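Q: Hi! Could you walk me through a couple of helices and some ring contacts here?

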Amino acid sequence: MASDTTPPLIDQMAATTLDDGHNASALWAQFSDRVMIRSIVCRSDGGAGLAGQNVRVGGWVKTGREQGKGSFAFLELNDGSCPANLQVIVEKEVSPLEQLVQTGTCVYVQGQLKEPPAGTKQKVELRVEKVIDVGPVDPAKYPLPKTRLTLEFLRDFVHLRPRTNTISAVARIRNALAYATHTFFQKHGFLYVHTPIITTSDCEGAGELFQVTTLFSDAEKLEKELKQNPPPSESEIEAANLLVKEKGDIISKLKSAKANKEEITAAVSELTIAKDSLARLEERSKLKPGLPQKDGKIDYSRDFFARQAFLTVSGQLQVEGFACALSNVYTFGPTFRAEHSHTSRHLAEFWMVEPEIAFADLKDNMNCAEAYVKFLCQWLLDNCLDDMEFMVKNFDKTAIDRLKMVASTPFERISYTEAVQLLENVTDKKFDNKVEWGIDLASEHERYLSEIIFKKPVIVYNYPKGIKAFYMRLNEDMKTVAAMDVLVPKVGELVGGSQREERYEVIEKRILEAGLPLEPYDWYLDMRRYGTVKHCGFGLGFERMVLFATGIDNIRDVIPFPRYPGRADL
């Protein structure tokens, strides 16, 4: 498949470095007084053409060792800009070596790039002339020693694990996929829309939502305040009532005596003050510790948003509103699900890419999803090959081949009914989950279709309505909906989407059939009441895409700060 992306990032960076080896200023980072290590070692010549140039570099020591009976030290320095290290040589006359060689030490140095001795793997090395700054490390306390560390161990140090080769490579791959996502949709005329994190709608209808409320903190504050300043007693309220009556009687007497205006105005003012004081006392007398109740249930009208609110499980419903006005849009942001799952495929916080296309049907949706996934794969091959080679070497020997296959192979398209028939006829494997029409295909079924039967990505479409969300368009058979899932090797479902139900009467009935109240979705129904339009969209689980690309097994290792039951570090 020919790449239609912009020139590879590596080539762009090389273009900003030296063509003739004599323009040192071209190497420098624009917003930092240093040269990025990538600009040196990721050139086509490995940096050999930069020999003789004076540069400043900064980074963290991967490995360090003293040589020549302590007369100099070799440091393998990495600044996170690429997987490769720059070899740095420091003589003891320049700086004390002991503080430089410890793994994790941060150094900022100045020196001259030199050609290393013949026969070494490096194409260039840095001879340090000045150590500008050092961020030392106590090796007895540093939690990330040079030894090989498991990804599970590193989850206890999410703030430090980006310093490891694996997590830094994942971060760069994740960044490239995010950049590719925006590039693809912007290139095709989609507008990027920021949908809300806090919502009052349950897009999936599954009820696995994180609730957003201030009721508990408000109740704690009230309980503390009532202890310090107890509510008024009945006698205090009675006294306030008597005072109001007295002030009222005074006004009546003044009017009967035909007192002057100033006297009556002053008396009215005193009565107003007494009434305000009484109102405050009566209001405070109603305050009770605990959560506010109404009709035996929690009174959410007293909550921050005056109603129940949640963290979003999807931006789809909201972004549809923009699609029904701006045509082609997409949202890309965090979503949340309070699912008590400890599997390697689930997170409580994850990112979704969700485009929405107006004047488009299920076929258009499948075409867009296929083009997008192919674009992502080709982008990594063009721009992240060094990190992908690291993944092949350390995690999944087939990772690059898998990207090439997906980028260049037309996706198979079969109906859900055809998929079930194929799986029912499987004789060489016994599935843990029984296959029959009407089930939600499990990961084992999805992977068997893509890895064994077709050996390539598969798009399954027209699912039973009973296992899909209310907003998916009901087909003419009244049994299936115009839904589609993109299944890929390694992870199974990567993309899920559908043509949306644009018919008002049909979607209203579907909401009720799903057991959902109409009121929270009244705004959503407005898009069907006023200027309804055929439209479709899909969601790509961003972490699943990173899993697919890298070959890493656990989704907790492909997101910077994983959140799952029992863990929300930092």
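**Helices and rings**

Q: On the other side of α14, which residues are exposed?

A: Glu-505 and Lys-509 are exposed there. Exposed means over 50% relative accessible area, buried under 20%, and partly exposed in between (1.4 Å probe, protein chains only). Helices (H or I, at least four residues) and strands (E, at least two) are DSSP runs, numbered from the N terminus.

Q: Good. Before we go on, what kind of model is this?

A: This is a predicted model: local features need pLDDT of at least 70, side-chain atom pairs count only at pLDDT 80 or more, and totals for chains, interfaces and linings use all residues. Residues are numbered from 1 along each chain as its sequence is written, and side-chain values use heavy atoms, with hydrogens and water left out.

Q: Back to α14, then. Which residues are buried?

A: In α14 (residues 504-513) the buried ones are Ile-507, Arg-510 and Ile-511. They lie on the same side of α14, because they cover an arc of only 100° around the axis. That arc is taken over the directions from the helix axis to the C-beta atoms.

Q: Why would residues three or four places apart point the same way?

A: An α-helix has 3.6 residues a turn, so such residues do.

Q: And what do the buried residues of α14 pack against?

A: They pack against β16 (480-488) and α15, where contact means heavy atoms within 4.5 Å.

Q: What follows α14?

A: Gly-515 does, and its phi is positive, near 75°.

Q: How about α8, which residues are buried there?

A: In α8 (residues 316-326), Gln-316, Leu-317, Gln-318, Val-319, Glu-320 and Ala-323 are buried. Their cover includes β7 (198-199), β12 (328-336), β13 (349-358), α15 (522-529) and β18 (535-541). Ser-327 follows α8, with a positive phi near 75°.

Q: New topic: how many aromatic pairs are there?

A: A search of the whole structure finds 22. Rings of Phe, Tyr and Trp (its six-membered ring) pair if their centres lie within 6.5 Å; planes under 30 degrees apart count as stacked, over 60 as edge-to-face and the rest as tilted. One of the pairs is Phe-72 with Phe-74, edge-to-face at 5.4 Å centre to centre and 85° between the planes.

Q: Is Phe-74 buried or exposed?

A: Phe-74 counts as buried because its relative accessibility is 15%. Phe-72, at 24%, counts as partly exposed.

Q: Last one: which charged end sits over the ring of Phe-548?

A: That of Arg-402, 5.3 Å from the ring centre. The criterion is NZ of Lys or CZ of Arg within 6 Å of the ring centre and within 35 degrees of the ring normal.
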